[in-house]
Amino acid sequence: MVEMPRDTIADLFASFADSDEQFLAYDDGYRSHSFTYRETADAARVFAGRLEAAGIGKGDSILFWGENRPEWVAAFWGCVLRGAIVVPVDYRASSDLLLRVQAIAKAKLLLVGEEVAAPPVDVPVWRLSSVHWRTPRKSITAVPVSRDDTAEILFTSGATAEPKGVIIQHRNILANVVPVEREMQKYKKYAKPFHPIRFLNLLPLSHMFGQSMATFIPPMLPGVVMFMRGYNPHEIVRQIHSRRISVLVCVPKILDVLREYVLRAVPEAAEAPPPGAHWLKRWWMYRRVHNLLGWKFWAFIVGAAPLPSELEEFWGRLGFVVIQGYGLTETAPIVTLNHPFHTRKGSVGKPIAGVEVKISD
């Protein structure tokens, strides 16, 4: 990847747009679709051109209501190129919540996935599946964007409270991305034998952490991001093994479900190793677990909820790294993060560079 200054997240786009390495893959349950960084960038430019033709430009809001899929990422970058504001809504949310968000956001366009039915809205509705891939590169009108411009508005609410929009500027995302990128640069040469790092991302793109682990962080490696339908443990394990996944990005509940699956498939995984056993002895003891998940798989990145210590202990005992952090939408989203090569059990890690933490009474 080309080193470039990071003034806005559009600079991240420019840094990967000419790479022919694989970026996104999606298994819809029937077949797999795969796209390179260049193809994703070209699709984003075409989408930005469609927005321009529709009269949607800088400062206009666009609702995203769809499942994780490559088109979501391409459309996101298309909005960045147009200076449009992305307003993502969890595709599992009710149409009532979507309409309440729209009443506040006043978006000019609704993008919907294949697993939702669009409610009646007074704006155009486009399917994410209509994003055009592998089309000739399109020249688009350059839109000036600054660090203080709004990139996204994410709505959060309780069960009965009205949704409240969290405004995320370009500078907010960069405050997360740049420190992580600088730390990753220190270890990049050691990652070459494991290239490419493949992520299976089960966190929704409508949440900042899931979005970061699919849209902003992987291009720094560069890595591959895999999406799939559903949360069936058998299918998750199959994807990890067959796609040669390196890292699973998920919520703690998935680790719990996978633990039950592994214990049924490999009963000896329940046995504790002898005290002080060398890591090679433990690796041999649990070799059937590693064979089940594939020899390239080595880590879980866990977010969005507290991680029970016994879950972390179980997977760590089997020889896998469990990386957890802490954050919230308002911090875009990372506050603290465990270092992948210096993880500490029972900890959500240290504050990333540029972040100050105060422990309150």
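Biologist: Which residue does E115 form a salt bridge with?

Modeller: E115 forms a salt bridge with R229, and the closest N and O atoms are 3.1 Å apart. E115 lies in the loop between β5 (109-112) and β6 (125-127), while R229 lies in the loop between β10 (224-228) and α7, so the pair ties together parts that are 114 residues apart in sequence. A salt bridge here is a side-chain nitrogen of Lys or Arg within 4 Å of a carboxyl oxygen of Asp or Glu. The labels follow DSSP runs, numbered from the N terminus: helices are H or I with at least four residues, and strands are E with at least two.

Biologist: Before we go on, what kind of model is this?

Modeller: This is a predicted model, in which local features need pLDDT of at least 70 and side-chain atom pairs count only at pLDDT 80 or more, whereas totals for chains, interfaces and linings use all residues. Residues are numbered from 1 along each chain as its sequence is written, and side-chain values use heavy atoms, with hydrogens and water left out.

Biologist: How accessible is E115?

Modeller: E115 is partly exposed, with a relative accessible area of 34%. R229, its partner in the salt bridge, is also partly exposed, at 40%. Buried means under 20% relative accessible area, exposed means over 50%, and partly exposed is in between (1.4 Å probe, protein chains only).

Biologist: How many salt bridges are there by this rule?

Modeller: The count comes to 21 salt bridges. One of them joins R238 and D27, with the closest N and O atoms 3.9 Å apart. R238 lies in helix α7 (residues 233-242) and D27 in strand β1 (residues 22-27), so this pair ties together parts that are 211 residues apart in sequence.

Biologist: Is D27 buried or exposed?

Modeller: D27 is buried, with a relative accessible area of 7%. R238, in contrast, is partly exposed at 37%.

Biologist: What about E260 and R259?

Modeller: Their side chains meet in a salt bridge, at 3.9 Å from N to O. E260 counts as partly exposed at 38% relative accessibility, whereas R259 counts as buried at 15%. Elsewhere, salt bridges that share partners join D27, E235, R238 and R243 into one network.

Biologist: Let us turn to the helices. At what angle do α3 and α6 pack?

Modeller: Helix α3 (residues 70-82) and helix α6 (residues 208-216) pack at an angle of about 85°, with their axes 11 Å apart. The axes are lines fitted to C-alpha atoms, for helices over the stretch in contact, and angles run from 0 to 180 degrees between N-to-C directions. The two helices, α3 and α6, are therefore roughly perpendicular to each other. Under the scale used, angles under 35 degrees count as roughly parallel, over 145 as roughly antiparallel, 65 to 115 as roughly perpendicular and the rest as oblique.

Biologist: Which residues of α3 and α6 meet?

Modeller: W72, V73, F76 and W77 in α3 meet Q211, T215 and F216 in α6; contact means heavy atoms within 4.5 Å. The residues of this contact of α3 with α6 divide into 5 nonpolar, 2 polar and no charged. Ala, Val, Leu, Ile, Met, Phe, Trp, Tyr, Cys and Pro count as nonpolar, Asp, Glu, Lys and Arg as charged, and the others, Gly among them, as polar.

Biologist: How much of α6 is buried?

Modeller: Helix α6 is mostly covered, as 9 of its 9 residues are buried.

Biologist: Now the rings. How many aromatic pairs does the structure hold?

Modeller: The structure holds 21 aromatic pairs. F76 and F216 form an edge-to-face pair, 5.8 Å centre to centre with 65° between the planes. This pair links distant parts of the chain, with F76 in helix α3 and F216 in helix α6, 140 residues apart. Rings of Phe, Tyr and Trp (its six-membered ring) pair if their centres lie within 6.5 Å; planes under 30 degrees apart count as stacked, over 60 as edge-to-face and the rest as tilted.

Biologist: Are F76 and F216 buried or exposed?

Modeller: F76 counts as buried at 1% relative accessibility, and F216 counts as buried at 2%.

Biologist: Which residues form the aromatic cluster?

Modeller: F13, F16, F23, Y37, F64, W72, F76, W77 and F216 form one aromatic cluster.

Biologist: Where is F13?

Modeller: F13 is in helix α1 (residues 10-16), and it counts as buried at 4% relative accessibility. Not counting residues up to four places away in sequence, F13 touches A41, A44, R45, W77 and L81.
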